[in-house]
Amino acid sequence: MRRVAVLSDIHGNLPALAAALADVEREDVDAIVVPGDTISGPWPVETFDLLTRLAPRVVMGNADRLVLDRGEQYGPLAVWCADRLGDERLAVAAGWPLTLELEVDGLGRVLVCHSTPASPDPIYTRITPEDELAELFGAVGADVLLCGHTHGQYDRRLESGLRIVNPGSVGLPYEGRRGAFWALLGPDVEMRSTEYDVEAAVAAIRALGAPVEDGLLGYLLDPPDPDETTRFFESQRGAA
Ligand SMILES: [Mn+2]
């Protein structure tokens, strides 16, 4: 493929997705790739249906898995989303793979997953030591590992030659500034962000009555600093 738009960690944030897609439309892409955490959030149905019309290539995220499992460990949101999505959409989501592969001009073989090829759960960051990454991943038979999960953009080349690209989060970025964050692949990696009206989105989420925690709405309005977030995630690694 020549040019690919990557929209990760949308987390059911429809206004953010719509804003990013308006930018994507101007880029003449061959495909849209979604590295997971798509349907857990305030607009699960609208997000799913809007994406479905664009026929993206989607992988399973940990929060998607939680919706499918109707898990309650992080509050009522997963069950609320599952109830709204209904059986047909959930059956499609249940078929999302853990990994997918594509070939992108200028980048080579790209392996897409939410966290690691084996699991959408592990936390690692742009500063995780390379020997620990090697333990997490094993051998990755690709030139680029395209992931999501930690909601911050980075593009890291390991000594092994593997390049790890995280496009950040469309729906819940930890970038220290507001926006919908995404990336364009091919022939290089271009990190992008699209502004949208976050105040209006948060007001709409409150009006919906979606059981989104106040803390998450606070992150939308006042996005966490990326370096602090990275240090926090590093402190949590292995703790789960
Ligand atoms: Mn995730």
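**View 1. The largest nonpolar core, and the residues that touch the most other members.** In this predicted model, the largest nonpolar core takes in 56 residues. If you want the spots where members touch the most other members, look at Val6, Leu7, Ala20, Val110, Val170 and Trp182.

**View 2. Leucine 7 and what it touches.** Here we zoom in on Leu7, one of the core residues that touch the most other members. Leaving aside residues up to four places away in sequence, Leu7 touches Leu17, Ala20, Ile32, Val34, Val170 and Trp182.

**View 3. The S9-S10 hairpin.** Strand S9 (residues 180-185) and strand S10 (residues 189-194) run antiparallel, and 6 bridges join them. Pick out alanine 183 and you'll find methionine 191 of S10 standing opposite. The two strands form a hairpin with 3 residues between them. In the turn sits glycine 186, with a positive phi of about 95°.

**View 4. Stepping back to the chain as a whole.** There are 8 helices and 10 strands to find your way around. The C-alpha trace spans about 50 × 40 × 35 Å along its principal axes. A compact globule of 240 residues would have a radius of gyration near 18 Å, so the 17 Å of this chain agrees with that. Buried residues make up 42% of the 240. Of the contacts with a separation of 6 or more, 68% are between residues 24 or more positions apart.

Conventions: Residues numbered from 1 in each chain as written. Predicted model: local features only at pLDDT ≥ 70, side-chain atom pairs only at ≥ 80, totals over all residues. Helix = DSSP H or I, 4+ residues; strand = E, 2+ residues; numbered from the N terminus. Rg over C-alpha atoms; globule rule 2.2 N^0.38 Å. Buried ≥ 20, exposed ≤ 12 C-beta atoms within 10 Å, placed from the backbone. Contact = placed C-beta atoms within 7 Å. Core = buried A, V, L, I, M, F, W, Y, C linked by C-beta atoms within 7 Å. Pairing = 2+ DSSP bridges.
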